[in-house]
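Please consult the sequence and the model shown below.

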Amino acid sequence: MRTAHRLAASLVVAVLTLTACGSDESEQRADIAASAEFNAADVDFATQMIPHHAQALVMVDMTRGRSLSPEFEALTEQILAAQGPEIEQMADWLEEWGQPVPETSRDHANSHDMDHMDMGDAEMGAGMMTPEEMTALDEMGADGFESMWLTMMIAHHEGAITMAEAEQEAGKHPEALALAEQIAVSQALEIEQMQEMLAG
């Protein structure tokens with residue numbers, strides 16, 4: 001009888017242990033699911049910010065082969081270093097979420113053919129330049145290029161900040177919210193830098 005009681009007790013302990021482990025695993029899965037949650041605002045943020053960033057990089061591409069001031073050239077490299085990886089990060093999110101990754105003007109990379117920049121209204125996010133404005137910048141001579149580029153990039157950055165603030169207000173995905181905050185802060189600092197450069 002004692003042996004039977006001991007066996008029964010052991011079985012109870014084993015069941016309780018397995019139940020506890022199962023509960024822990026369920027909680028871990030719930031935590032992972034919660035960390036991966038996203039909403040429509042997150043999708044809109046990534047979908048709109050990808051072509052927005054891409055246009056900024058097209059503007060950086062336009063600086064290549066020109067005679068530039070050292071401060072201006074350093075700024076363009078800074079923008080390239082920040083926004084290139086951010087595009088890849090947002091594209092990865094959209095793929096993970098089962099959402100389409102938007103085509104951008106930079107999909108025709110290293111080509112200054114403005115025919116490829118005729119974007120639909122759906123891709124024209126806040127602060128985006130029109131195809132005509134991009135053509136005018138590309139054709140600008142050396143004397144006015146830097147000031148025109150800086151003026152346009154300030155407006156472009158202001159649009160990005162507006163989009164980032166909208167994500168901070170309505171987004172759900174933790175990483176998207178963190179990126180939105182990073183964009184808002186870093187681009188505000190770059191706006192200040194560009195304004196100082198324009199002021200001379």
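## Helix packing

The crossing of α5 and α6 is left-handed, a term for a near helix turned anticlockwise from the far one by less than a right angle (right-handed if clockwise). By class, their contact has 17 nonpolar, 6 polar and 4 charged residues; Ala, Val, Leu, Ile, Met, Phe, Trp, Tyr, Cys and Pro count as nonpolar, Asp, Glu, Lys and Arg as charged, and the others, Gly among them, as polar. The model is predicted: local features need pLDDT of at least 70 and side-chain atom pairs pLDDT 80 or more, whereas totals for chains, interfaces and linings use all residues. Residues are numbered from 1 along each chain as its sequence is written, and side-chain values use heavy atoms, without hydrogens and water.

| Helix pair | Axes come within | Crossing angle |
|---|---|---|
| α5 (residues 142-170) and α6 (residues 174-199) | 8 Å | roughly 155° |
| α3 (residues 70-96) and α5 | 12 Å | roughly 35° |

Axes are lines fitted to C-alpha atoms over the stretch in contact, with angles from 0 to 180 degrees between N-to-C directions. Helices α5 and α6 are therefore roughly antiparallel (over 145 degrees).

α3 also passes α5 in a left-handed crossing.

Overall, the chain has 6 helices and 0 strands, assigned as DSSP runs (H or I, at least four residues; E, at least two) and numbered from the N terminus. Of its 200 residues, 37% count as buried, that is, under 20% relative accessible area with a 1.4 Å probe, protein chains only.

Key:
Parallel < 35°, antiparallel > 145°, perpendicular 65-115°, else oblique. Buried < 20%, exposed > 50% of the residue type's maximum accessible area, 1.4 Å probe, protein only.
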